[in-house]
Amino acid sequence: MNNILVASNRGPVSFTVSDDGELTVRRGGGGLVSGLSGVAKDDGVLWVCAALSDGDRSAVRLAPGGRIDQAGYDTGPLRMLDIPPATFHRAYNAVANSTLWFVNHLLYDIPNAPVFGTKFGREWESYRDYNGAFALALAEEAGHEARVMIQDYHLTLTPAMLRAERPDLRIAHFSHTPWAPPEYFSLLPDEVATEVLEGILGADHAGFLTDRWAQSFMDCCEALLGAEADRVGRSVTHAGRTTRIGVHSLGVDGAALWERACEPDVESHMTALKEQVGDRKLIVRIDRTELSKNIVRGLVAYGEFLGAHPEWHGKVVHLAFAYPSRHDLPEYREYTASVQRCAQQIEDEYATEDWDPLILNVNDDYPRSLAAYRMADVLLVNPIRDGMNLVAKEGPVLSPRCALVLSREAGAAAELGPHALLVNPYDVSGTAAALHDALVMPEEERRARRDRLHAAATALPPPKWLAAQLHALD
């Protein structure tokens, strides 16, 4: 039986099936996986996740009890859950990504959405079933008084469900997203909002990336549940139980990131990028085409910068890596198309025979992203709203002279703000001006800011982040 367990929707690896039926394993994607993979593998933590693809489901069928590590793969202790595809689709796409994500990132087009009818009722039942599958798997795998670390908005109901199954366990839930204020969170049907809040309050410890998101959660518990929120002691008491509230900023493991960024595949991408851009200055962005990442406004800001500063024509290139995200949802397909249209407009207006002002790439390539970080003169991170945004921390670790243009709505702004150029993510002209300021920043100031960004970004690497939550459970 296991003493420490981590539960999340996405796991540390994913599988693909080749034409000849062979399974190929690769690193999982997303910021949560980046933050936790090394810790879970090194410390022998059992990771419980969902099978997301046909390849994952094939791997589960070949593994005893879904234990991927016992089927000969070097994953560290790992159990994958083969949740019925229809149930998974409704829970993941309709509820987690189209409802809870939209609420906590304040993304709804309010005159038109949300609309909660009978269809949503069926989708919510699937979300319950999905959370229940995790609760049962964790209950089966956990040793007596084990510590269970449940991750993110996909699994808000799991803490309370697991507590009902195994009251002996010490349970934590961590939210990697922002948390909406009560007036926006209450867009959810009353019974759903209550279930989400009470689900997380089933944990002994509820963690958040910033004090701002923790305060919003306590505000919701107070306003919607009538719970008692202790702002000084950071706790919420409801229905006879007290849940401690923690703030645990997640940083990056600088040494491990550098080691990976110096491998031959990254060096080869650096060579290719240098051939493309020559000695021009580089503005870099690396994001998923996620609605909250604000890629379109970032591109419009770059276009405004080029319009206002013709002296930079031919001397700067914007590397925009916008990797596909959630293409099962029509909003995301349209957003990706908007990104591509906007990029084409900039090319049409400013490109010359010997200068491409913008290089847009929508194919996910981690080594190429690391190469871009290393070459960046400016890193643009301008989300509408973000839990943390590890990109803002990874860039200054890998670039020796990176100036960071950062949205004040990113969770990372709480730590990196004093050393970055902060922008209002809706103010395109302000972002364009910040890009110019970042490019002309004196070298001494640039390097001093980058050194302070590096120190802040690596202050709480994943091992310390996880250790702090485990300590809180003790």
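1. Glu 145 touches Asp 168, Leu 169 and Arg 170 when residues up to four places away in sequence are not counted, where contact means heavy atoms within 4.5 Å. Glu 145 lies in strand S6 (residues 142-151); helices (H or I, at least four residues) and strands (E, at least two) are DSSP runs, numbered from the N terminus. With a relative accessible area of 42%, Glu 145 is partly exposed, a label placed between buried (under 20% relative accessible area) and exposed (over 50%), with a 1.4 Å probe and protein chains only. The C-alpha atoms of Glu 145 and Ala 392 are separated by 37 Å, and these residues are 247 residues apart along the chain.

2. A word on the basis of these points: this is a predicted model, in which local features need pLDDT of at least 70 and side-chain atom pairs count only at pLDDT 80 or more, while totals for chains, interfaces and linings use all residues. Residues are numbered from 1 along each chain as its sequence is written, and side-chain values use heavy atoms, with hydrogens and water left out.

3. The domain assignment of the chain gives domain 1 (2-250 + 463-472) and domain 2 (254-458), with bounds that come from an automatic or database domain assignment. The C-alpha centres of domain 1 and domain 2 lie 29 Å apart, and the contact takes 24 residues from domain 1 and 20 residues from domain 2.

4. How much area do domain 1 and domain 2 bury between them? The value is about 1,800 Å², 56% of it on carbon and sulfur atoms, where buried area is the accessible area (1.4 Å probe) that two parts lose on being put together, summed over both. In domain 1, the residues that lose the most area to domain 2 are Trp 101, His 105 and Leu 250, which together make up 22% of what that side buries.

5. Between domain 1 and domain 2 the count is one salt bridge, that is, a side-chain nitrogen of Lys or Arg within 4 Å of a carboxyl oxygen of Asp or Glu. Eight residue pairs are found in polar contact across the interface of domain 1 and domain 2, both residues being at pLDDT 80 or more; a polar contact is a pair of N or O atoms within 3.5 Å, and within protein one must be able to donate a hydrogen and the other to accept it, while residues adjacent in sequence count only if both atoms are side-chain atoms. On the side of domain 1 that touches domain 2, the elements that give two or more residues are helix H3 (85-104) and helix H8 (211-225), and H3 supplies the largest share, six residues.

6. Lys 393 deserves a point to itself. Lys 393 is placed in helix H14 (residues 391-398) and is buried, with a relative accessible area of 0%. Its side chain makes a polar contact with the side chain of Ser 249 (3.2 Å). Lys 393 also forms a salt bridge with Glu 415, the closest N and O atoms being 3.0 Å apart. Because Lys 393 lies in helix H14 and Glu 415 in helix H15 (residues 413-416), the pair ties together parts that are 22 residues apart in sequence. Glu 415, at a relative accessible area of 23%, is partly exposed.

7. By the salt-bridge rule the count comes to 30 salt bridges. One of them joins Glu 141 and Arg 67, with the closest N and O atoms 3.6 Å apart. This pair links distant parts of the chain, since Glu 141 is in helix H4 (residues 118-141) and Arg 67 is in the loop between helix H2 (54-62) and strand S5 (78-81), 74 residues apart. Both Glu 141 and Arg 67 are buried, and they belong to a network of salt bridges that links Arg 67, Asp 69, Arg 79, Glu 140 and Glu 141.

8. Helix H13 (residues 366-375) is mostly covered, with nine of its ten residues buried. Among the buried residues of H13 are Arg 368, Tyr 373 and Arg 374. At the start of H13, a side-chain oxygen of Asp 365 reaches to within 3.1 Å of the backbone nitrogen of Arg 368.
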